[in-house]
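Please look at the model below.

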Amino acid sequence: MPNNNEKTPATGDWVQPIVKENLSERAYTDLRAALMRGRLRPGERLRLRPMSVRFGISATPMREALLRLVGEKALALDARNSVVVPTLTLEQLQEIRAIRTDLEGRAAAAAALVATADEIETLVAIHAQISECHASRSFVQAVDLNTEFHLTFCRMARLPILYDIVEGLWVRCGPILSHLYDEGLPDWEPHPHLRLISALRERDPDKARAASREDIERGGQGLLVHVREANGG
């Protein structure tokens, strides 16, 4: 049975039985979201039959979903031909960070010109929840909300091709997001999220881009340290 313990393996409470048609697509979508939000961990083996049981579907659509993600390099095959969550190298993480800095910066700048007041208030609400999680040290939920914050302002940019690329990058780096706070809570004031919100309200693309860059470069230090240590460096 799923429980609320933050250390519970990720293949637990995020799984919901699939009862509608297009079973492979639903399984693919749910697995992709789990990867993106840090609910699956590097090295975790996704065995076909147990995964089929968890999703409440047969092996064929489950296999299709898993292999689709393998084809996208979101999952990998190990020496035994089992599907596993891949482990990022330091070089891969650095490349992902560089691309995210560029693309999310572009999205932030574009959002500063088109975001509505309601959309900006949505970001305010998400960041307020992140702050509450920090205060209660609910870091699993904080990681999930941080992902939502970034994807939300990227959607606000009205750049669907850019958004798809950014989402794919989050899928690739999502499994290490549980280490986001390995270096402790950020001590900057104000938080880059608040700088970004302010820039959106001011319709200032340059400030929005700078806030996004700061958040990625400074906020992800725990991820860099973890991957460096995991790679023996």
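The text below treats the helix pair, then the pocket.

This is a predicted model, in which local features need pLDDT of at least 70, side-chain atom pairs count only at pLDDT 80 or more, and totals for chains, interfaces and linings use all residues. Residues are numbered from 1 along each chain as its sequence is written, and side-chain values use heavy atoms, with hydrogens and water left out.

Helix H6 (residues 139-156) packs with helix H8 (residues 192-202) at an angle of about 20°, their axes being 12 Å apart. Helices are DSSP runs of H or I with at least four residues, numbered from the N terminus; axes are lines fitted to C-alpha atoms over the stretch in contact, and angles run from 0 to 180 degrees between N-to-C directions. H6 is therefore roughly parallel to H8, a term for angles under 35 degrees. On the H6 side, Asn146, Phe149, His150, Phe153 and Met156 meet His193, Leu196, Ile197 and Leu200 of H8, contact meaning heavy atoms within 4.5 Å. These contact residues of H6 and H8 comprise 6 nonpolar, 3 polar and no charged.

The second largest pocket has 27 lining residues, and Leu180, Asp215, Arg218, Gly219 and Gly220 lie nearest its centre. A pocket is an open set of points on a 1 Å grid where a 1.4 Å probe fits, with protein on both sides within 12 Å along at least five of seven lines; lining residues have an atom within 4 Å of a point. H9 contributes the most to the lining of the second largest pocket, with 4 residues. By class, this lining has 11 nonpolar, 10 polar and 6 charged residues.

Key. Helices (H or I, at least four residues) and strands (E, at least two) are DSSP runs, numbered from the N terminus. Angles under 35 degrees count as roughly parallel, over 145 as roughly antiparallel, 65 to 115 as roughly perpendicular and the rest as oblique. Ala, Val, Leu, Ile, Met, Phe, Trp, Tyr, Cys and Pro count as nonpolar, Asp, Glu, Lys and Arg as charged, and the others, Gly among them, as polar.
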